[in-house]
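This report describes a protein model for a reader who is new to structural analysis. Please keep the sequence and the structure in view while reading.

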Amino acid sequence: MSTHIKTIAVLDESELKDGQMKEVSFEGEGKVLLSRLGNSIHATSAFCTHYGAPLAKGVLTADGRVVCPWHGACFNVCTGDIEDAPAPMALHSFQARVEDGKILVTADPASTEKKNMARQPKLLASGYQASNTPGVVIVGGGSGAFHAVESLREHGYNGAITILSKESYAPIDRTKLSKALMTDPSKLEWRSRAELQSKYGVVLRTSTEVTAIDLEHKAAVIGATNERVTYDSLILASGGTPRQLPIEGKELGNIFTMRGVDDAKKIDAAAQEGKHLVVIGSSFISMELVVAVAKRNLASIDVVGMESFPFEAVLGKEVGAALKKFHESKGVKFHMNASVSKLLPSTSDPSSVGTVVVKSSSGEETSLKADLVIMGVGVAPATEFLKKSKGFEVDKSGAVHVDEFLRVKGLEGVYAIGDIAMYPQPGTGELRRVEHWNVAGNQGRAVGKTIAEGKGQPFVKVPVFWSAQGSQLRYCGVGAGFDDVIVDGNLDELKFVAYYIKEDKVIAVASMQRDPVVMKASELLRLALMPSPSELRSGKDLLSVDIQTVAAKPKLT
């Protein structure tokens, strides 16, 4: 990248109002995001470092946050620093000033180009420093682990960091496995092993299974050798284990679950033209895989679900029905209000599945031809190793209970994040385990800051997730137990916003083709400024709620 700094007039000051963002050209292909907060004008990279979304189409808040319109990544517009996952890298921050009614930006033109939109974190600790202490040990190599490392270094931790991962690769963008059926780990890794070592001072031990935690001696116990890796602080981020139905025939070949790259490879190899696919479970991952293989000219795609409509428990019947209709238009056949009673072997290959026997709610059985079966029936917390460890309490669901700082209750210096963590919900204190990939990332960031700064960083982030369902479905909040749904828009065209209500309060919002409504909703939920259901029924537009100008700032505290 060049070091040729230029100062360029990019916009008339009068064209940028308080609380407004604008993407402006810099030089050649350069783009800069201008954000105005009162009399202060800030300039940063114009694109989200996650998937390159134009940040000018996102959401600005008066406390200096810009939220990506696509996936909820958030940055500080004053510094470019990461505020929320899934942003893997910070933005460039450029000098901006006003002269003679013009906004001037000073920057290296190369840094304003989209291909150079990201900067390395300001490592207050430049990687690993020689230390006689064990440092931080992270059990698990997923989103939570990656973001914990970023946060530890970003916030000044200069001790040793060790990742113990069962997987054979560095932390990956796991969402692309089900959404795009990508199978090359090198194209999915957030950071390579070499980069984690050289830039972050991380010792990454892959294909390493932790079988117990020795709390008395502060050590993670590895495999059959009983090797002990000692720690000062321990982050448990072991993720989830796909569930399998306890039914006859589950041991047959060509029956798959989806969690890692190896699973994606097996499904990719089996789901070829002319094959019959049966998907058990109408979950988000199941239906994302259906979308991913729908254009492969399979002989048939059958989906078996226990609800009346796919996604019903999360999105409600109306939205579920609309998504079911969309998938049916692509040739998918649904068998809802049904269960699988058994899996039968193929007549041509008795070692592999050939038939799925489905039982309807009335007891009627139907046989579906199957060359491959995908079980998408949820995940269980990967905590078997903790059940064998003295001093840990694991509840009947397999979850580990933590406090608002994500510290394992009763244990000093031990944290649990992601799929295994049962944590108190902000505002209500209700204990809940949230299996969103983005939640694990943000929890990793929170724990990293807590360890680095030596003071508790409460976890108060609003959960955000997205799903590829033809168009992108976006969702924020915790909608469990909703008792009403308000739908604004056209479900037939999958262009809508759905508000999930519980006890006359909006607790979650979903949308398709209505960006950036869900990201605005996530900020309104964060700030406790969400309009009431009655206001929404009367036509209140979330995008009209002012949380971005100086006038709104007192409401944000």
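## Terms and basis

A residue counts as buried when its relative accessible area is under 20%, as exposed when it is over 50%, and as partly exposed in between, using a 1.4 Å probe and protein chains only. The structure is a predicted model, in which local features need pLDDT of at least 70 and side-chain atom pairs count only at pLDDT 80 or more, while totals for chains, interfaces and linings use all residues. Residues are numbered from 1 along each chain as its sequence is written, and side-chain values use heavy atoms, with hydrogens and water left out.

## Cysteines

A disulfide is a covalent bond between the sulfur atoms of two cysteines. With a disulfide taken as a pair of cysteine sulfur atoms within 2.5 Å, the structure holds 0 disulfides. C78 takes part in none, and the nearest cysteine sulfur to its own, that of C74, is 11 Å away. C78 is partly exposed, because its relative accessibility is 36%.

C476 has a relative accessibility of 0%, so it counts as buried.

## Nonpolar cores

A nonpolar core is a set of buried Ala, Val, Leu, Ile, Met, Phe, Trp, Tyr and Cys residues joined through side-chain atoms within 4.5 Å. The largest such core has 49 residues, and the members that touch the most others are I138, I213, L236, F392, V408 and V414. Contact here means heavy atoms within 4.5 Å. Leaving aside neighbours within four places in sequence, the contacts of L236 include V139, I213, F385, L386 and F392. Further along the chain, L236 also meets V408, V414, Y415, A416, I417 and I420. A second, separate core has 43 residues, among them L177, M287, V319 and L323.

## Helix pairs

Two packed helices are described by the angle between their axes and the distance between the axes. Helices (H or I, at least four residues) and strands (E, at least two) are DSSP runs numbered from the N terminus. Axes are lines fitted to C-alpha atoms, for helices over the stretch in contact, and angles run from 0 to 180 degrees between N-to-C directions. Angles under 35 degrees count as roughly parallel, over 145 as roughly antiparallel, 65 to 115 as roughly perpendicular, and the rest as oblique. A crossing is left-handed if the near helix is turned anticlockwise from the far one by less than a right angle, and right-handed if clockwise.

Helix α5 (residues 284-293) packs against helix α6 (residues 312-329) at an angle of about 15°, with the axes 13 Å apart. The two are therefore roughly parallel, and their crossing is left-handed. At this contact, F284, M287, V290 and V291 of α5 meet V314, L315 and H327 of α6. Of the 10 residues in α5, 7 are buried, namely F284, S286, M287, E288, L289, V290 and V293.

Helix α1 (residues 143-154) and helix α8 (residues 437-453) have axes 7 Å apart and pack at about 30°. This pair is therefore also roughly parallel, but its crossing is right-handed. Among the residues that meet are H147, A148 and L152 in α1, and W437, A440 and G444 in α8.

## Two buried residues

T49 lies in the loop between β4 (40-45) and β5 (59-60). Its relative accessibility is 7%, so T49 is buried. Beyond residues up to four places away in sequence, T49 touches several others, including F75, P88, M89 and M117.

Y423 belongs to strand β32 (residues 421-424). Y423 is buried, because its relative accessibility is 2%. Its contacts, again not counting residues up to four places away, include V402, L406, R432 and F459.

## Backbone features in loops

The peptide bond from A85 to P86 is cis, with omega near 10°, and P86 sits in the loop between β8 (82-84) and β9 (90-91). A cis bond also joins D515 to P516, with omega near 5°. P516 is in the loop between β38 (506-512) and α9 (517-526).

K218, which is not a glycine, has a positive phi near 50° and lies in the loop between β16 (210-214) and β17 (219-222). N297 has a positive phi near 55° and is found in the loop between α5 and β23 (300-304). Is each of these residues buried, partly exposed or exposed? K218 is partly exposed, at 34% relative accessible area, whereas N297 is exposed, at 52%.
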